[in-house]
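Reader: I have a two-chain model to look over. Can you take me through its packing, one question at a time?

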Amino acid sequence: MQVGKEKLLWMYEKMVQIRYYEETMAAVYMEGKLPPHIQKGLAFDIGAGPVPGEMHLAAGQEPVGVGICAHLSDEDTVVGTHRPHHFAIAKGVPLNPMTAEMFGKVTGLGKGKGGHMHLFDNAHKFSCSGIIGASMPMACGAALAAKKLGKNWVAVAFFGEGAANQGSFHESMNLAALWKLPVIFVCEDNHWAISVPKTKATSVEWIADRAAGYGMPGIRVPENDAVEIFEAVAPAIARARRGEGPTLIEIKTDRYFGHFQGDPETYRPKGEVAALRQNDPIPKLAQMLKDKKLMTAEQETLIVSKMHHLVDQAFEFARQSEYPNPHDALQDVFVSDHAAARALA
Amino acid sequence: MKSTRILTMAQAISEGIAQEMTRDADVFVMGEDIGAYGGIFGATGGLLEKFGKDRIMDTPISETAFIGAATGAAAAGLRPIVELMFVDFFGVCMDQIYNHLAKNTYMSGGHVKLPVVLTTAIGGGYSDAAQHSQCLYGTFAHMPGIKVVVPSNAHDAKGLMIQAIRDDNPVMFMYHKGIMGLPWMAYFEGSSNVVPEESYAIPFGQAKLVKDGADLTIVTISQMVQKAALAANELAEIGIHADVLDLRTLVPMDVQAVLKSVRKTGRLLIADEDYLGFGLSGEISALIAENLDTITLKAPIKRLAVPNVPIPYSRPLEQFVIPQVAHIVQAAEELMLKKVAQAALL
């Protein structure tokens with residue numbers, strides 16, 4: 001095992017934080033959305049409550065975020081997906097403005113204009129998109145910029161296994177390989193593209209095998225395990241930093257919640273999630289750390305309570321924050337130009 | 001000494017880009033055939049020789065990847081110019097344009113700056129049929145988040161290009177093929193004009209009064225400005241004097257210039273090469289309708305535009321659906337004879 005104690009503890013802390021964040025969000029999200037708080041006749045109102053709109057949670061997928069981001073600095077770019085919280089937290093996006101954004105508050109990352117699928121944090125070079133397959137061209141651009149600026153920064157494009165069937169995947173893989181861009185394409189295979197299993201949508205068993213078609217290495221990571229992921233991607237990151245070009249990595253991971261909160265998941269075999277949870281990567285890592293004497297039971301308790309406190313405090317910050325002034329909707333269409341409305345007024 | 005040098009619009013655009021690339025090392029160009037070829041419509045002619053392949057980058061035919069990469073590179077601090085060869089090709093990359101380039105600034109609360117210039121060729125009139133002849137500036141102006149620049153001549157094109165490159169926001173720079181001064185396509189002489197050698201920027205949102213007249217206002221843009229100017233000359237011979245207003249940019253649009261002219265003339269003709277429905281001509285008409293408390297119209301508004309059919313191939317068909325000089329003259333003459341209904345006297 002190449003990964004040192006400090007990184008291991010960091011990965012554990014972050015995974016605990018992410019899991020608790022997602023569980024807290026799952027609960028808060030349902031506030032006000034169920035009878036008797038909503039209109040008679042509705043079973044569920046997606047637009048009601050303190051956190052309205054769609055909500056895609058990443059519980060179970062924490063190892064992907066931390067295993068990759070453990071290699072990155074603030075100068076490296078991460079472009080995430082519509083299910084972005086684990087990537088954002090692992091990349092260091094501060095919890096307060098991130099959470100406030102999901103509450104639609106003026107203190108949010110985007111002053112309440114983006115919401116949970118559209119988180120932008122320049123300081124940590126993090127962004128994401130609600131469009132499937134959109135992360136890849138964007139990461140190519142960040143990598144191109146790094147190359148032009150003569151820096152050894154890398155750009156990571158996260159995407160799901162469903163996105164590997166989008167045209168943007170093929171175009172970006174070719175472009176990145178052709179121009180030797182320092183991009184790490186990370187395919188997060190959680191088996192499900194909303195309700196469609198990978199076997200019914202994808203022509204190959206391993207998307208990583210497609211790398212050969214573009215003249216770049218493909219790495220298969222069969223275990224949803226932060227340490228395995230960290231070690232498997234190390235050569236890819238090093239290769240990109242050396243200026244030798246991109247790598248495609250595919251990680252088998254697990255989605256514990258539905259596609260979105262409120263998803264009835266009728267398509268999912270009964271008992272699948274319970275079985276997946278038997279292999280939960282977080283207690284597994286905790287046990288490993290304790291077995292190797294890298295963490296005591298007391299430290300574990302302390303970490304858990306510290307991480308929970310950070311998350312609780314972020315949700316409290318979001319609740320206490322103010323909503324934007326409705327007229328703020330007319331601003332920020334363009335930078336240094338608060339007259340978007342004037343364009344056609 | 002005042003410059004008397006005449007350039008084509010293609011030469012003027014490429015000169016504007018070159019001057020900005022010399023001034024600012026962050027500016028670079030990406031696109032299909034923009035290097036050794038110099039751009040299919042000449043907008044990047046000579047740039048490869050001047051700046052080399054690291055800054056003048058031919059791309060694979062992968063518009064989603066390289067337009068998305070332009071957005072990514074801009075977010076990272078660079079100032080890409082990226083070419084979509086024909087605007088008609090937006091179908092293969094529109095997600096990157098309108099869901100990302102146009103929206104990320106807003107969704108980030110104004111924190112993400114995207115100084116991208118997206119150049120693209122527009123327009124018909126040379127029998128290239130439905131997939132290579134559209135204007136579509138109305139489509140891009142309809143969706144918030146992108147500034148839309150549509151020059152009608154070389155002088156303006158250079159100044160507007162320099163302004164576009166310096167703007168911290170996404171700018172769509174749409175040049176009509178039929179005014180680029182290409183050696184392989186007929187063009188309007190008026191579109192090649194005197195272009196100063198020094199660098200200069202033309203602010204967005206400032207329409208230009210191309211002809212001054214008191215009888216009616218012709219609001220127009222792009223190649224249609226040249227047609228409208230010719231039509232105005234013909235009309236002058238029969239005693240009808242038109243204001244011809246070149247909008248130059250649609251986002252932002254010079255609303256005041258339109259209102260001012262129509263207040264003066266009381267008659268409005270919109271000459272547009274984009275589709276008639278839900279577009280520029282409707283927008284200008286609505287603007288006037290919303291300001292009827294301060295405008296007295298003498299005649300109903302007249303719109304000339306492509307009548308909601310794809311651009312046909314055959315010459316007589318295409319010449320029929322795209323407004324021509326004769327159509328503008330005829331419409332103006334008819335407008336002079338029309339009257340608005342009198343408001344009922346109470």
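Predicted model: local features only at pLDDT ≥ 70, side-chain atom pairs only at ≥ 80, totals over all residues.

Reader: Which residues of H3(B) meet H6(A)?

Author: From H6(A) come Gly167(A), Ser168(A), Glu171(A), Ser172(A) and Leu175(A). By class, this contact has four nonpolar, five polar and one charged residues. The partners in H3(B) are Thr64(B), Ala65(B), Phe66(B), Gly68(B) and Ala69(B).

Reader: Which element supplies the largest share of the side of chain B that touches chain A?

Author: Across the two chains, 37 residues of chain B are in contact with 39 residues of chain A. H3, helix H4 (94-101) and helix H5 (104-107) of chain B each supply at least two residues of that side of chain B. The largest share, ten residues, comes from H3(B).

Reader: How many residues of the side of chain B that touches chain A are charged?

Author: Sort that side by class. It has 17 nonpolar and 17 polar residues. The charged residues number three.

Reader: How many residues does domain 2 of chain B give to its contact with domain 1?

Author: The domain assignment of chain B gives domain 1 (6-194) and domain 2 (208-337). Their centres, taken over C-alpha atoms, are 26 Å apart. Domain 1 of chain B puts 29 residues into the contact. Domain 2 of chain B puts in 23 residues.

Reader: Which elements give two or more residues to the side of domain 1 of chain B that touches domain 2?

Author: By class, that side divides into 15 nonpolar, twelve polar and two charged residues. The elements are helix H6 (137-142), strand S6 (147-149) and helix H7 (154-166) of chain B.

Reader: What is the radius of gyration of chain A?

Author: Chain A has ten helices and eight strands. The globule rule gives 20 Å for 345 residues, and chain A is close to that, so it is as compact as a globular protein of that length. Its radius of gyration is 20 Å.

Key
Residues numbered from 1 in each chain as written. Chains lettered and ligands numbered in written order. Contact = placed C-beta atoms within 7 Å. Helix = DSSP H or I, 4+ residues; strand = E, 2+ residues; numbered from the N terminus. Nonpolar A, V, L, I, M, F, W, Y, C, P; charged D, E, K, R; others polar. Domains from an automatic or database assignment. Rg over C-alpha atoms; globule rule 2.2 N^0.38 Å.
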